[in-house]
Amino acid sequence: CGIITGIKNEKNMKIHILIMILVIIAGIFLKISKMEWIICIILFGLVIGGEMLNSAIETVVDIAMPKINPNAKFAKDVAAGAVLVFAISSAIIGCIIFVPKIIGLFVK
């Protein structure tokens, strides 16, 4: 239920799912190795799980602190920053896996 709710209600979750689908298609097309699939699946879990935790933290903070509060802002900003770290790290690792394979399509 939580996964479906997150996908339905969170714009960023939809973006992460779309990117995950594109990576899966690219992985199939470029025939990435078993180890590369394992790495991609771990990264999918980290980014999507991080986004879900971020959404939960933001909701709990909004419930606990409905008025503007610097500590509430800090908690929400740090949670969102964690997702950004996961996403950027995943993008870098994705480039390490996929860019050589894409270049290999054109240079033989």
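The accessible surface of the protein chain, calculated by the Shrake-Rupley method with a 1.4 Å probe, comes to about 7700 Å², and 77% of that surface belongs to carbon and sulfur atoms. This is a predicted model, in which local features need pLDDT of at least 70 and side-chain atom pairs count only at pLDDT 80 or more, while totals for chains, interfaces and linings use all residues. Residues are numbered from 1 along each chain as its sequence is written, and side-chain values use heavy atoms, with hydrogens and water left out.

**Overall form**

- Along the sequence the protein chain follows the pattern α-α-α-α, with four helices and zero strands, where helices (H or I, at least four residues) and strands (E, at least two) are DSSP runs numbered from the N terminus.
- The radius of gyration, taken over C-alpha atoms, is 17 Å for the protein chain, whereas a compact globule of 108 residues would have a value near 13 Å, by a rule of 2.2 Å times the number of residues to the power 0.38.
- Buried residues, meaning those under 20% relative accessible area with a 1.4 Å probe and protein chains only, make up 24% of the 108 residues.

**The largest pocket**

- About 460 Å³ of space lies in the largest pocket, a pocket being an open set of points on a 1 Å grid, where a 1.4 Å probe fits, with protein on both sides within 12 Å along at least five of seven lines.
- Its lining (residues with an atom within 4 Å of a point) has 22 residues, of which Ile19, Val23, Ala87, Ser90 and Ala91 lie nearest the centre of the pocket.
- Helix H4 gives the most to this lining, with 10 residues.

Note on methods:
Grid points are joined across faces, edges and corners, and a volume is the space filled by probe spheres set on the points. Buried means under 20% relative accessible area, exposed over 50%, partly exposed in between (1.4 Å probe, protein chains only).
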